[in-house]
Amino acid sequence: GELGSGEDQTAGLKRLLTETLGRQDGAPMDWVVEDTIGNWWRPNFEPPQYPYIPAHITKPKEHKRLFLVQLPEKALFAVPRNYKLVAAPLFELYDNSAGYGPIISSLPQALG
């Protein structure tokens, strides 16, 4: 998602999480954003993304940040029909970019 004009990163992330996975009955979710665990950049409008800004790029087209969000002990998600919520162990993500893509498969290294 994108941040609104003048919106803080943490506030924007909480808003996007609530809009995407929040409960339909309007009950507030207590999202606890711990830390930024990764940054990925897309230098142009082509698919490849990198965990660094290539030297020849002065203004990347896209910047993705990965955040660590602490969930409560019990939570109820409203997953949209066109989304798929998967609970995958970290050992399955490790070095499996063919199955999960380069960003998700880098999570074990980012967390370790």
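## Largest pocket

On a 1 Å grid over the protein atoms alone, a pocket is an open set of points where a 1.4 Å probe fits, with protein on both sides within 12 Å along at least five of seven lines, and its lining residues have an atom within 4 Å of a point. Grid points are joined across faces, edges and corners, and a volume is the space filled by probe spheres set on the points. In this predicted model, the largest pocket has a volume of about 2,000 Å³. It is lined by 39 residues, of which Leu 13, Leu 17, Leu 66, Phe 67 and Ile 104 are the closest to its centre.

At least two lining residues come from each of helix H1 (9-21), strand E2 (62-70), helix H2 (90-93), helix H3 (97-105) and helix H4 (107-111). The most is given by E2, with eight residues.

## Basis of the values

The model is predicted, so local features need pLDDT of at least 70 and side-chain atom pairs count only at pLDDT 80 or more, while totals for chains, interfaces and linings use all residues. Residues are numbered from 1 along each chain as its sequence is written, and side-chain values use heavy atoms, with hydrogens and water left out.

## Chain overview

Four helices and two strands make up the elements of the chain; both kinds are DSSP runs numbered from the N terminus, helices being H or I with at least four residues and strands E with at least two. Their order from the N terminus is α-β-β-α-α-α. The C-alpha trace spans about 50 × 40 × 30 Å along its principal axes.

Of the 112 residues, 21% count as buried, that is, under 20% relative accessible area, where exposed is over 50% and partly exposed is in between (1.4 Å probe, protein chains only). Among contacts (heavy atoms within 4.5 Å) with a separation of 6 or more, 47% are accounted for by residues 24 or more positions apart.

## Leu 66 and strand E2

Leu 66 belongs to strand E2 and is one of the residues closest to the centre of the largest pocket. Its relative accessible area is 17%, so Leu 66 is buried. Leaving out residues up to four places away in sequence, Leu 66 touches Asp 35, Thr 36, Ile 37, Gly 38, Trp 40, Ile 103 and Leu 107. The C-alpha atoms of Leu 66 and Thr 18, 48 residues apart along the chain, are separated by 17 Å.

Gly 101, Ile 103 and Ser 105 are the buried residues of H3. Their cover includes strand E1 (32-42), E2, H2 and H4.

The loop between H2 and H3 contains Tyr 94, Asp 95 and Asn 96. Beyond four places in sequence, Tyr 94 touches Ser 105, Pro 108 and Gln 109; the C-alpha atoms of Tyr 94 and Gln 109 are 7.9 Å apart. With a relative accessible area of 24%, Asn 96 is partly exposed.

Asp 95 is exposed, with a relative accessible area of 67%. Its phi is near 55 degrees, a positive value in a residue other than glycine. Most residues other than glycine have a negative phi.
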